[in-house]
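I wanted to get my bearings in a structure that was new to me. Here are my notes, in the order I looked things up.

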Amino acid sequence: MPMRMMITGAGSGLGREIALRWGREGWQLALCDLNEAGLQETLVQVRAVGGDGFAQYCDVRDYSQLVALAQRCEQQFGGIDVLVNNAGVASGGFFAELSLEDWDWQLSINLMGVVKGCKAFLPLLERSHGRIINIASMAALMQGPGMSNYNVAKAGVVALSESLLVELRDAQVGVHVVCPSFFQTALLDSFRGPTPTMKAQVAKLLESSPISAADIADYMYAEVARGAFMILPHEQGRAAWQLKQRQPQALYDEMATMATRMRARSPVAGPAE
Ligand SMILES: NC(=O)c1ccc[n+]([C@@H]2O[C@H](COP(=O)([O-])OP(=O)(O)OC[C@H]3O[C@@H](n4cnc5c(N)ncnc54)[C@H](O)[C@@H]3O)[C@@H](O)[C@H]2O)c1
């Protein structure tokens, strides 16, 4: 029987590449996103590489839509083996300028979307002894300046994943959390923040990635197969995380210097007169 995977945010970027990587192995895929045209394109590409499945509109902020998706997986596939909580949005801005609405928006998608995905699919995963793959970010581990709401959402995804790792061991449900550094996708289209210049700064970081979304999906595939919990696809990210664990103060000092440089380049975020 083919294995079955559900992927949120599968209409673009990393979600699409995950669909293609697992699709190449002949998996049945349930693909969801807000972007219906992107979803259809992913499904066409998945079929071309040997996978199959269906696409369904789903906003991860709406628990009832995730529950409906789980029901469709039950009806159409007879269950699910892997849940990938990948849907996410970008944000930036120094804490002083971020509004509470910016916080609510960011947390409702990047953190609560993952919580709701896990909650809606857990009964199916318990039955299949399946696994959860949550897409966090290096932001969860490094807390770079000018993106505190994104950092907190992604750190929450790591904390949730660690909680589930231990709680679900007896139920034989596996958990993985992926923490990529920046890589080129359509992520910036969703950018929200009070400082337009910061969007341009993030755009440069996305462009600077030495690896692509497809490389990340490949790396994930191998790491999930060997049972790794925390998956850091960028070599530079792995080095930075090791350094932070050994010498946290050195990292905080570097981030503070980075914050000063960012402020200098970002007039709206400059010091008050
Ligand atoms: N690109 C990067 O540099 C980077 C770095 C680290 C982590 N990530 C994470 O990787 C994941 C995938 O992002 P990407 O870079 O492929 O970006 P992307 O914008 O190409 O893909 C994200 C997809 O999520 C969908 N989405 C957004 N809000 C949604 C919602 N409420 N419900 C359902 N779908 C929704 C979007 O429509 C989009 O198709 C995100 O969680 C992101 O935070 C990205």
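Which of the 32 residues around the ligand come nearest? I found Gly9, Ser12, Gly13, Gly88 and Thr185. I count a residue as near a molecule if its C-beta atom, placed from the backbone, lies within 6 Å of it.

Before going further, I noted that this is a predicted model: local features need pLDDT of at least 70, side-chain atom pairs count only at pLDDT 80 or more, and totals for chains, interfaces and linings use all residues. Residues are numbered from 1 along each chain as its sequence is written.

**The ligand shell.** I sorted the shell by class and got 15 nonpolar, 14 polar and 3 charged residues. Ala, Val, Leu, Ile, Met, Phe, Trp, Tyr, Cys and Pro count as nonpolar, Asp, Glu, Lys and Arg as charged, and the others, Gly among them, as polar. Helices α1 and α4 (100-128) each supply at least two shell residues. I saw that α1 gives the most, with 3 residues. Helices here are DSSP runs (H or I, at least four residues), strands likewise (E, at least two), numbered from the N terminus.

**α1 against α2.** I looked next at α1 (residues 13-23) and α2 (residues 36-48), whose axes come within 9 Å and cross at roughly 20°. That makes α1 roughly parallel to α2, a term for angles under 35 degrees. Axes are lines fitted to C-alpha atoms, for helices over the stretch in contact, with angles from 0 to 180 degrees between N-to-C directions. On the α1 side I listed Arg16, Ala19, Leu20 and Gly23, and on the α2 side Thr42, Gln45 and Val46. Contact means C-beta atoms, placed from the backbone, within 7 Å. By class, this contact has 3 nonpolar, 3 polar and 1 charged residues.

**α1 against α8.** Helix α8 (residues 213-225) packs on α1 at about 50°, with the axes 8 Å apart. Among the contact residues I noted Gly13 and Leu14 of α1 and Ala213 and Tyr221 of α8. The contact divides into 8 nonpolar, 1 polar and 3 charged residues.

Most residues other than glycine have a negative phi. Histidine 129, in the loop between α4 and β5 (131-135), has a positive phi near 50°. I count histidine 129 as exposed because it has 12 C-beta neighbours inside 10 Å (exposed is 12 or fewer, buried 20 or more, partly exposed in between). Glutamine 143 also has a positive phi, about 50°.

Definitions and conventions:
Angles under 35 degrees count as roughly parallel, over 145 as roughly antiparallel, 65 to 115 as roughly perpendicular and the rest as oblique. Two residues are in contact if their C-beta atoms, placed from the backbone, lie within 7 Å.
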